[in-house]
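These are my notebook entries on a structure made of chains. I set down what I looked up, entry by entry.

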Amino acid sequence: MNLTETGESRVNGYLFVLERSLKTFLPPDVVRDAVREIESHLRERVASADGAPNEREVLERILGELGPPLRVAQAYSAERTIDEAVTTGRFVPIVRAVGHLAATTVTGFFVALGLLVCYLISFVFIALAVLKPIFPGNVGVQYVHGFPIGLGAQFPLEPGTELGGGYWWIPFALFFGLGIFVGTHRGARCFLSWWRERRLS
Amino acid sequence: MSHETWQEQLRRGGLDLAILLTVSAGPRYGLAIIQHLEAFTDLVVTEGTIYPILGRLTRDGLLEAQWVEGEAPHPRKYYRLTRVGAKRLADMKGEWRAFAEKIDRLMIASERAVRESH
């Protein structure tokens, strides 16, 4: 079956939505390959429908069997993001995969919440280590009447608050910040690995 | 777990094996794989979701993919089993048969026990 202009527009519209959805989480070369393969599938199906009287009906049936573009993109996302995160162990793919699970599963949501808190704590410690040499009078342990009330940075330091902790704060904050970051990152990777095994089993 | 969830898990568990079996006889392109699966099983619910699985199996080194042009009016992406894929397929077949045999034995024993109790 040779498609009319309307049929071509329908196919191109489907591929456009698929491409846009895939682009949000896949590298461009992978997107190109995936869209090319889906287009090949569609063209093959259309070609094999020779003799069918109603183009629109045939096309809608073919697209229906293929699945909505967002569902197909979601399937790519599920297969791809977790695999990439587990295999590479890089920060961005791991965050992307956890984000995907958080958006699609209840367990993923709570795990992502926990991981987010831990990542934030680690970033705060690292930021404090960086800020200490720049603002030595604002970063450290805060005391009021000799009692420690908190640790962190305060701009400006409130009256009555004394700052404790010298430059030893820098290695301390760096050690804890990086320690929590590495621990959280390993935890996230383990979780994704477990999820992947669960999916394959 | 609902019956539908259990069925879905069973379907997903069998899909990798079914795809590897489909390409074990020789290279096939995506639609040919889907048509073969549809002819013998009801594992394909949404055709478009088979392609991401083919992509994963390729990334895992079990399949090898190659675009072929000129054979049809549009290019086709052919998949064939790699040596690692053939080894994995043999393992999966053995495990599947052993698993099915055990469940069969269990079902026969259970049915016999039910009959004897009546």
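I begin with a term: two residues are in contact if their C-beta atoms, placed from the backbone, lie within 7 Å. With that rule I looked up chain A, where 59% of the contacts between residues at least 6 apart in sequence join residues at least 24 apart. I note here that the model is predicted.

**Entry 1: confidence.** For the complex, the predictor gives an ipTM of 0.85 and a pTM of 0.67. For chain B, the mean pLDDT is 91, and 99% of the residues reach 70 or more.

**Entry 2: the outline of chain A.** I listed the secondary structure of chain A and found seven helices and three strands. Along the sequence the pattern reads α-α-α-α-α-α-β-β-β-α. Chain A has 201 residues, of which 26% count as buried.

**Entry 3: the strands of chain A.** I asked myself how many bridges join β1(A) to β2(A). Strand β1 (residues 139-144) and strand β2 (residues 147-153) of chain A run antiparallel and are joined by six bridges. One of the paired positions is Val144(A), whose bridge partner in β2(A) is Phe147(A).

**Entry 4: one residue of chain A.** I selected Leu116(A), which lies in helix α6 (residues 106-134) of chain A. Is Leu116(A) buried, exposed or partly exposed? I counted it as partly exposed, because it has 15 C-beta neighbours inside 10 Å. A residue needs 20 or more such neighbours to be buried, and 12 or fewer to be exposed. I also recorded that the C-alpha atoms of Leu116(A) and Thr184(A) are separated by 9.0 Å, although the two residues are 68 residues apart along the chain.

**Entry 5: the outline of chain B.** I turned to chain B and found four helices and three strands, arranged from the N terminus as α-β-α-α-β-β-α. Of its 118 residues, 22% count as buried. Among the contacts in chain B with a separation of 6 or more, 45% are between residues 24 or more positions apart.

**Entry 6: the sheet of chain B.** I traced an open sheet of three strands in the order β1-β3-β2, with antiparallel pairing. Its edge strands are β1 (28-29) and β2 (63-68) of chain B, each of which pairs on one side only. Strands β2(B) and β3(B) are joined by six bridges. Trp67(B) stands opposite Lys77(B) of β3(B).

**Entry 7: the last helix of chain B.** I looked up helix α4 (residues 83-117) of chain B, which has 35 residues. From its first C-alpha to its last it reaches 51 Å, close to the 51 Å expected at 1.5 Å a residue. Why does α4(B) lie largely in the open? Of its 35 residues, the number buried is one, so the helix lies largely in the open.

**Entry 8: where the chains meet.** I looked up the contacts between the chains: 18 residues of chain B are in contact with 19 residues of chain A. On the side of chain B that touches chain A, the elements giving two or more residues are α2 (30-40), α3 (50-59) and β3 (76-81) of chain B. Of these, α3(B) gives the most, with six residues. By type, the residues on this side of chain B divide into seven nonpolar, six polar and five charged.

**Entry 9: the nonpolar cores.** I recalled a general point: in soluble globular proteins, nonpolar side chains tend to be buried together. The largest nonpolar core here has 33 residues. Those touching the most other members are Leu22(A), Ile19(B), Val23(B), Ile50(B), Leu54(B) and Leu63(B). At least two residues of this core come from each of α1 (5-23), α2 (28-47), α3 (55-66) and α4 (69-88) of chain A, and likewise from each of α1 (3-24), α2, α3 and β3 of chain B. Apart from this core lies another, of twelve residues, including Ile82(A), Ala85(A), Val86(A) and Ala188(A).

I ended with Ile19(B): leaving aside its neighbours within four places in sequence, Ile19(B) is in contact with Ile33(B), Ile53(B), Leu54(B) and Leu57(B).

Key:
Residues are numbered from 1 along each chain as its sequence is written. Chains are lettered from A and ligands numbered from 1 in the order in which they are written. This is a predicted model: local features need pLDDT of at least 70, side-chain atom pairs count only at pLDDT 80 or more; totals for chains, interfaces and linings use all residues. The expected span of a helix is 1.5 Å times one less than its number of residues. Ala, Val, Leu, Ile, Met, Phe, Trp, Tyr, Cys and Pro count as nonpolar, Asp, Glu, Lys and Arg as charged, and the others, Gly among them, as polar. pLDDT is the predictor's confidence in each residue, from 0 to 100. A nonpolar core is a set of buried Ala, Val, Leu, Ile, Met, Phe, Trp, Tyr and Cys residues joined through C-beta atoms within 7 Å. Two strands pair if DSSP finds at least two bridges between them.
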